[in-house]
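Here is my notebook page for today.

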Amino acid sequence: VASGTESQAPGPSVEAPGNSPAKFPGPPAEAPGDPKETAPRPSRHITIGIFSDATASLASHVNRLKSVAKAIFAIVQGMKAAGDDGLVVHIVMAAMRDWCDAAHVFRVYTEEKASIRAGAILPMAYTGAAGQDEHLLRTLDAMASDCQGGGDAPEEYGVGIAAMRDLMRSQRERLGDHSQFAIFVADDAHHGLTDAPAGLLTTSGAPYDAYPAGSAHMPAEGGKYPP
């Protein structure tokens, strides 16, 4: 789990002639009986990437991610109840398959159509609005039902790692410094990074690692979606 800390950029520096700091008048005195106006609180942002291996052995693990999603819902509801109405949680749910699974090696399930049109991974802006909880739980159902394939023992995680890196970078560029969390679900080694000896075969005679180049398949930084 990776996290960042929120920070605010300092305001512009203003200097008076002669390089001495400019002095600005304070706010006008409030007249007796004048009602105070409360400015709206600025939006606060959190980015959460939930990326999972989606080969055949992971269906039950993807279903367990519902408990993670429900915890996010409860946290957002609690913060909003405490007065943090400006909180927006940017969520991406995505799945990784293996290279032998021709349908897709990496797929975004939240905002999928918009991401394809944009050629980039676009998060869903979760605010706790009506229907959003149910939508995200249905999204996890779809991810779990799509778990299949995988072929050999190692899996393709490099594409997911590269996509998570690009997502977090683009969110920082778009929103500034803010808290970011990466949840990565996997149950095997990445291609090329196993402890198996070269040329090892399975009991069926197939290569134990059909893609020993491994991370050579990782897209370059800033790659287009879908890879």
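**Entry 1**

I am working with a predicted model, where local features need pLDDT of at least 70, side-chain atom pairs count only at pLDDT 80 or more, and totals for chains, interfaces and linings use all residues. Residues are numbered from 1 along each chain as its sequence is written, and side-chain values use heavy atoms, leaving out hydrogens and water.

I placed His61 in helix 1 (helices are DSSP runs of H or I, at least four residues, and strands runs of E, at least two, numbered from the N terminus). From His61 to Ala144 I got 8.2 Å between C-alpha atoms, although the two are 83 residues apart along the chain.

**Entry 2: two helices**

Next I checked helix 1 (residues 59-81) against helix 3 (residues 132-145): their axes come within 9 Å and cross at roughly 165° (axes are lines fitted to C-alpha atoms over the stretch in contact, and angles run from 0 to 180 degrees between N-to-C directions). That makes helix 1 roughly antiparallel to helix 3 (the word is for angles over 145 degrees).

**Entry 3: Ala54**

Where is Ala54 found? I traced Ala54 to the loop between strand 3 (44-53) and helix 1. Ala54 is buried, with a relative accessible area of 3%.

Definitions and conventions:
Parallel < 35°, antiparallel > 145°, perpendicular 65-115°, else oblique. Buried < 20%, exposed > 50% of the residue type's maximum accessible area, 1.4 Å probe, protein only.
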